[in-house]
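My entries follow in the order in which I checked them.

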Amino acid sequence: MTITLALPSKGRIKEASAALFDKAGLSIVSVGNDRSYRGRIEGLDGVEVAYLSASEIARELAAGTVDFGITGEDLVREGMSDVETRVDFCARLGFGAADVVVAVPEIWLDVETMADLGDVAADFRARHGRRLAIATKYWRLTQQFFSQRHGIQLYRIVESLGATEGAPAAGQADIIVDITSTGATLRANHLKVLADGVILKSEACLVRARKPAHDGDARVAEIVSRVGAAL
Ligand SMILES: Nc1ncnc2c1ncn2[C@@H]1O[C@H](COP(=O)(O)OP(=O)(O)OP(=O)(O)O)[C@@H](O)[C@H]1O
Ligand SMILES: O=P(O)(O)OC[C@H]1O[C@H](OP(=O)(O)OP(=O)(O)O)[C@H](O)[C@@H]1O
């Protein structure tokens, strides 16, 4: 059985992932020509490298079509249920850090916590004739945090695929759940993060899709230990 390892082909975490693999002594040789999206690892037979985007890697880990991937924890947790039983977060890699947060308009002066937001959500229909609308692309993380963690049930998710921070000003939603790193985009859009509104502190991780065949496989152990030693 070939072990497939998916690395980011583009985007924010591509360069740091490649540098980490170099440091771990896992040098990748491209198969075919230089622009190939497939590779292998020198000195480690039976391991194939596939280059995919960060969100594709999360999807393939969920489907179990790759054995390992480097991608953001946020994308992995958003992409599957029962995450702990289906994947193993082997290592946190120290780059690609970003928080998934609940942010509300700065002018909501009396809303500082999730409990305050729960009160707003409960009164929303009576006041505005509709449910509180949350713009996000993280619908699973949002539902887990609002419904399961905070017992807030009265809201509606508005799927947002880009420029989520602009949704409240544009009238498409009341609040947002999105990723932030420096906070500049939130500030520019006059949004504030609730005091207990950090849903997830994400970073890039080495993630393994749990498979029975991995038990006792030396290649699997080697990849985990070499990456761990390079951190
Ligand atoms: N400022 C940021 N904004 C968005 N994502 C960030 C930021 N900082 C770190 N990340 C992380 O980077 C990862 C996504 O990387 P990136 O946006 O480069 O992917 P991508 O190549 O565009 O993937 P795809 O096209 O599949 O969405 C996520 O896990 C996210 O948490
Ligand atoms: O806290 P900050 O440092 O401002 O970063 C957060 C912003 O950066 C990302 O957007 P980006 O414009 O990079 O595009 P993307 O959504 O396509 O990744 C992300 O979606 C946030 O909007």
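**Ligand 2 shell**

I listed the residues around ligand 2 (C-beta atom, placed from the backbone, within 6 Å of the molecule): Gly-162, Glu-165, Asp-178, Ile-179, Thr-180, Ser-181, Thr-182, Gly-183, Ala-184 and Thr-185. The model is predicted: local features need pLDDT of at least 70 and side-chain atom pairs pLDDT 80 or more, while totals for chains, interfaces and linings use all residues. Residues are numbered from 1 along each chain as its sequence is written, and chains are lettered from A and ligands numbered from 1 in the order in which they are written.

I then sorted this shell by class (Ala, Val, Leu, Ile, Met, Phe, Trp, Tyr, Cys and Pro nonpolar; Asp, Glu, Lys and Arg charged; the others, Gly among them, polar) and got two nonpolar, six polar and two charged residues. By element (DSSP runs numbered from the N terminus: helices H or I, at least four residues; strands E, at least two), β10 (175-180) and α8 (184-188) each supply at least two residues. β10 has the largest share, three residues.

**Ligand 1 shell**

I found 16 residues around ligand 1, with Gly-11, Arg-12, Ser-53, Ser-55 and Gly-72 coming nearest. The elements giving two or more residues here are α2 (54-63) and α3 (73-79); α2 gives the most, three. The classes are five nonpolar, seven polar and four charged.

**Domains**

I took the bounds from an automatic or database domain assignment: domain 1 (3-97 + 203-230) and domain 2 (98-201). Each gives at least three residues to the ligand 1 shell. Their centres, over C-alpha atoms, are 32 Å apart.
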